[in-house]
Amino acid sequence: MKWIQLLFLQVYFVKCCISSNFNSHTPTSYGFTLDNSIDHYTHLMKNISSKHESDSEYSSFTFSEGQEIKTTNPGDEYDFIIIGSGPAGCVLANRLSENPDWKIFLIEAGDMENIAHDIPLQAAFLQSTSSNWGDFTEPEPGVCKGMYNQRCSFPRGKMLGGTSTINYMIYNRGNRRDFDKWAAEGNYGWSYNEVLPYFMKSERSRLGKFQDQKYHNKSGNLNVEYVNYQTPMVHAFVKGSQQLGYQKIDYNGRTQVGTSYVQANTVRGVRHSAASAFLTPIMNKRSNLSIYLNTLVTKVLIDPQSKVAYGVEYNQGGTTKYAYSTREVILSAGTFNSPQLLMLSGVGPQNHLRELDIPVVQNLPVGQTMYDHQSHAALTFIVNTTGFSPATNRLNPLDVVDYIRGTGTLTMIGGVEALTFYKSPNSEDPPDWPDAEIIMLGGSYSSDEGTAIIRGANIRQDI
């Protein structure tokens, strides 16, 4: 059965049938912000057993097609209500439900992953489907000039697992100096030495000998490995970076300035999303965890006097329902949807809320700032050797056979193969704090014949 599904999927993608599911969702005009609050979950986690439920080395991975989610009778009242099942929501649902005395309610607007999400090379196709919320920027002078209607695409996952189900699976923790800077600015608990134990607790490293052992763990939930398939071009890239003076490093280790083959959240060449890592192993084992899919939270219920959140309003199948929390409501709906939901709940700039006739619970600058990692598709090189890049018109049944074995073209994470972190000439930061990154891909915009990458990025055909 698995063979039939995989063969069908190969034809399905090559013929670009998946493009018919393009999400034409019109984005809201709200401003957005990153979730930047820090709370006391660190203390909660210290009171929960760290024992992982695992039957074997790779027990947290299963194919997710046809998976049923068995939950308790939801009722109306829970200890914790978690809004959004992205990486944060999945981890919290896993950790909090380790306490059998706590009832956890996880609410997700999207559906389950399926086999289409599992194949790493097809990442770009997923951004033009209903697995993506379909948000776009508003037109602004001087930006997004190469996009249709001058609007950049901002892909965000609308699935159990959030954006980890549609992204390019690059495992990159970030630079220690960024974390230390946040802590110095008053965000307690965010220094690198304080967050590193939690990165390591979550990680199941399969990086082999080439890893900075002090910074990795082999017994966590989330699998990390080097991509099994590499084109000849990537070796030239890494060698060239070394010739320029950049050492080959583990960029999730002691230092980040240097070059490396990419580390990926995959298991033997199959996407390992937050849902696969943290929810699949437990969802049928813990009766205190309830998960609702295709359910949209429309409001956080907040007492206007005490300013305490005590529940949520949500829509399921066209019916408005309510759930209440005895401990906490956790908002982990992502970069865009978290601030949007706060504003719908009366927390945000009062002038804007009043324009929309939303009663003001608290006047705060919600949605005023967002930091994004800007990227530019720079130089595309044409080489005088054929068969190097993973073009869709060269996929064949043998690629499917390789994929089943955990190798081959389909295991490439959207074509990404290696990266180099470096300092630009104008940087005034310390030597170990890179401000730019070069990512090497074994392909270009034309590798999929215009069916995925440029469509997902909203790039005009004439570009």
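Reader: Where does serine 97 lie?

Author: Serine 97 lies in the loop between H3 and strand S2 (104-107). Helices (H or I, at least four residues) and strands (E, at least two) are DSSP runs, numbered from the N terminus. This is a predicted model, in which local features need pLDDT of at least 70 and side-chain atom pairs count only at pLDDT 80 or more, while totals for chains, interfaces and linings use all residues. Residues are numbered from 1 along each chain as its sequence is written, and side-chain values use heavy atoms, with hydrogens and water left out.

Reader: Is serine 97 buried or exposed?

Author: Serine 97 counts as buried because its relative accessibility is 3%. Buried means under 20% relative accessible area, exposed means over 50%, and partly exposed is in between (1.4 Å probe, protein chains only).

Reader: And what does the side chain of serine 97 make a polar contact with?

Author: With the side chain of arginine 286, at 2.7 Å. A polar contact here is a pair of N or O atoms within 3.5 Å; within protein, one must be able to donate a hydrogen and the other to accept it, and residues adjacent in sequence count only if both atoms are side-chain atoms. Leaving aside neighbours within four places in sequence, serine 97 is also in contact with residues including Leu92, Ile104 and Ile282. Contact means heavy atoms within 4.5 Å.

Reader: Back to H3, then. How many of its residues are buried?

Author: Seven of the ten, so H3 is mostly covered. Among them are Gly89, Cys90, Leu92 and Arg95.

Reader: Arg95 is a charged one. What does the side chain of arginine 95 meet in a salt bridge?

Author: Glutamate 98, at 3.9 Å from N to O. Both arginine 95 and glutamate 98 are buried. A salt bridge is a side-chain nitrogen of Lys or Arg within 4 Å of a carboxyl oxygen of Asp or Glu. Side chains of opposite charge can pair when their charged atoms come close.

Reader: How many salt bridges does that rule give?

Author: The count comes to seven. One of them joins the side chains of arginine 177 and aspartate 432, at 2.6 Å from N to O. That pair links distant parts of the chain: arginine 177 is in helix H6, aspartate 432 is in the loop between strand S17 (416-422) and strand S18 (436-441), and they are 255 residues apart.

Reader: Why does arginine 177 count as partly exposed?

Author: Because its relative accessibility is 31%. Aspartate 432 is partly exposed too, at 31% relative accessibility. Aspartate 429 is found in the loop between S17 and S18 as well. The C-alpha atoms of aspartate 429 and arginine 177 are separated by 9.9 Å, though the residues are 252 apart along the chain.

Reader: Switching to H7. Which of its residues are buried?

Author: In H7 (residues 192-202), the buried ones are Tyr192, Val195, Leu196, Met200 and Ser202. They are on the same side of H7 because they cover an arc of only 155° around the axis. That arc is taken from the directions from the helix axis to the C-beta atoms. The buried residues of H7 pack against elements including helix H3 (87-96), helix H6 (176-184) and strand S5 (203-206).

Reader: What about glutamine 256, where is its place?

Author: In the loop between helix H8 (232-243) and strand S7 (258-261). Glutamine 256 is buried, with a relative accessible area of 7%. Its side chain makes a polar contact with the side chain of asparagine 172 at 3.4 Å. Not counting residues up to four places away in sequence, glutamine 256 touches Phe421 and Pro434, among others.

Reader: Last one: how many helices and strands in the chain?

Author: There are 13 helices and 18 strands. Of the 463 residues, 49% count as buried.
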